[in-house]
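Hi,

Here is the structure I promised to pass on to you. Have a look at it first, and then read on for what turned up.

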Amino acid sequence: MTAEERVADEPTGGTVSQPGGVGVRLRALWRALVIVWQFVPLLWQWGRDRKRFLLFGRSRSVTPETRMRRARYLKDTFVDLGPAFIKLGQMLSTRPDALPRAYVDVLSELQDNVPPDAWATIEPVIERELGDDIDTLFEAFDTTAISGASLGQVYEAQIGGQRVAVKVLRPNIRTRVESDLRVLSTLLPVLTYGADPGQAFTLENLTEEFATTVRREMDYGHEARMLREIGDNFANDDVAIPDIVESHSTDRVLTMTYLDGVKIDDVERLDELGIDRPALVRRLEEVYIQMIVEDGLFHADPHPGNLAVQPDGTLVFYDFGMTGYLGPRTQDQLLDFYVGLATDDVDRVMDAFVEMGALDPMADREVMREAFDIVIEQFRGEDISEYRIEQLVGQFETQLYEFPMRLPQDLALVVRVTTVLEGVCRTLDPEFDFIEIISEYVMEQGAGDDLRERIKTEIQETVTDSTRSAVRTAPKMENALDRVEREELLVKTVLEDSDGLSRVLAKRLLLGIVASAGVPVSAYLYTVNGLQPAGLALGGSAAVLGILAWSFRRRRGSALSSPQFTRHEMQQRQAADAVEGEE
């Protein structure tokens, strides 16, 4: 789905004008100097990775330890640079297509909680936005913030005898963030300099998507609309979402009903309340599947601080500043993806990713199938061999972020939700099986009777085929074992040498034999025929030795310098090998 399609499909609503003028431009200029200075060490190191002396020289290999150290420096830099960069780091932590895995893992540690601003700076904002003083607007108001984030902070108050939560945007935060967004857009050409076209495209899209997301998160009018719409979708379910107090809400101040609940990862307290944790996990996953596949509008920040449980088992959702929207076409493709998971059809899963624009259609399906198999097994809660993962990662470790995965922002949010939810669910139930929940959902609550019947039939056929295979396997295994006992079993082994390594080794061995034979031959010729024949023989031996040494040279552009995962590239490589073999 293109960005234009997403914008066209997205729910409409009021927009907030962004700060501008001389003040923003001057601050952006100052911030540009600060940001560039902070990033100089990393830019210098990344430049030397490509060219050892920046302008010339070979590329440098980077050890995992060095990459991890740089990732931690990047994380600390984001924290030092403030709210906009904390949000940027959080977004990058959900985008393995934009950064290497080490950076993604470290940036995922970024927490969006910072000390709240002083009450003296917040009170004028509330009174200016709501048009009266605090004592008139509220019966009671606790001036100690109950939570603080990079963009806003929350207070507890009372209106008409009802407890409410008042969320206030930090003073001048829009100007600060807008200045940083201008700096990012200005520095983008520098960040993408030297990157391959696919990587540059990803970074450009990510910058635009980040600007849209963070501006929307600073618009409490938009958050209020999301609260109402998602609340309406679960009006009759065991899901609690705060109601908006319209009279006390603007685009900078959001007043909501206060909902009590036990933090969802407080396992001990949940057990004291007698909450069935496996049932809670199942319900949580079903709610998110409904939001994503059926409603197309979902809460996109399900970390434990935004989820709670009431004594009767009701799920409570907080903070709708980050939400995702999926158009009907993407919803259908995601449903197809879930059907592929339910039927254990990896090809169908990959086809769904291709349709969503998240996977290059020319990607090598064998490599991708192995990667998807590992992810699916992890979803099932199965133990995965470390050797198997290391073997897969070893095939494309240095360019994993250049892999043919290009996550659109809406799908990146779905991936983020799935990843964070998995951690929450495994805390509640270590035996949690995401695939089992998906299978039950697509059979029991698919969109329409025809679809339910089709999905049910596919899953039943998969189960039937598996059972039939198990029945057939036992007699065949017994027959094979009988042949082993009679010493009649013939095993054929085919060694594939796609890189021509055996041919290269054979040539080097032959050259080594010729070169090593040159010395005794030269000595013999010197004793029999004199210096000239011996010199010629020694010269020939030296030439062969030079050819042998040249064959060991380090070729520019090793196999890990660019992705080798598309069918087209592999076909070209095989054709070249075939021509060379004919010659």
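Glu285, Tyr288, Ile289, Ile292, Tyr338, Val417, Thr418, Leu421, Phe434 and Ile438 form the lining of the second largest cavity. Please keep in mind that this is a predicted model. The volume of this second largest cavity is about 80 Å³. Three elements each contribute at least two residues to its lining: helix 12 (277–295), helix 17 and helix 18 (434–444). Helix 12 is the biggest contributor, giving four residues. Sorted by class, the lining comprises eight nonpolar residues, one polar and one charged.

The largest cavity is the next place to look. Its space comes to about 140 Å³. It has 13 lining residues, and those nearest its centre are Lys87, Gln90, Met91, Thr213 and Met322. Two or more lining residues come from each of helix 4 (83–92), helix 9 (197–217) and helix 17 (409–428). So which classes make up the lining of the largest cavity? Here there are six nonpolar, four polar and three charged residues. In total, the structure holds five cavities of 30 Å³ or more.

Away from the cavities, I also looked at one pair of strands. Strand 4 (residues 162–169) pairs with strand 6 in the antiparallel sense, and five bridges join the two. One of the residues involved is Val168, whose bridge partner in strand 6 is Val253. Is strand 6 mostly covered or mostly open? Strand 6 (residues 253–257) is mostly covered, with five of its five residues buried.

Finally, some totals for the whole protein. It has 22 helices and 11 strands. Of its 583 residues, 41% are buried. Taking contacts between residues at least 6 apart in sequence, 69% link residues at least 24 apart. The accessible surface is about 31,800 Å², and carbon and sulfur atoms account for 55% of it.

Best wishes

Terms used:
Residues are numbered from 1 along each chain as its sequence is written. This is a predicted model: local features need pLDDT of at least 70, side-chain atom pairs count only at pLDDT 80 or more; totals for chains, interfaces and linings use all residues. Side-chain values use heavy atoms; hydrogens and water are left out. On a 1 Å grid over the protein atoms alone, a cavity is a set of points where a 1.4 Å probe fits but cannot get out, and a pocket is an open set with protein on both sides within 12 Å along at least five of seven lines; lining residues have an atom within 4 Å of a point. Grid points are joined across faces, edges and corners, and a volume is the space filled by probe spheres set on the points. Ala, Val, Leu, Ile, Met, Phe, Trp, Tyr, Cys and Pro count as nonpolar, Asp, Glu, Lys and Arg as charged, and the others, Gly among them, as polar. Buried means under 20% relative accessible area, exposed over 50%, partly exposed in between (1.4 Å probe, protein chains only). Two strands pair if DSSP finds at least two bridges between them. Contact means heavy atoms within 4.5 Å. Accessible areas come from the Shrake-Rupley method with a 1.4 Å probe; for residues, only the protein chains shown count as cover.
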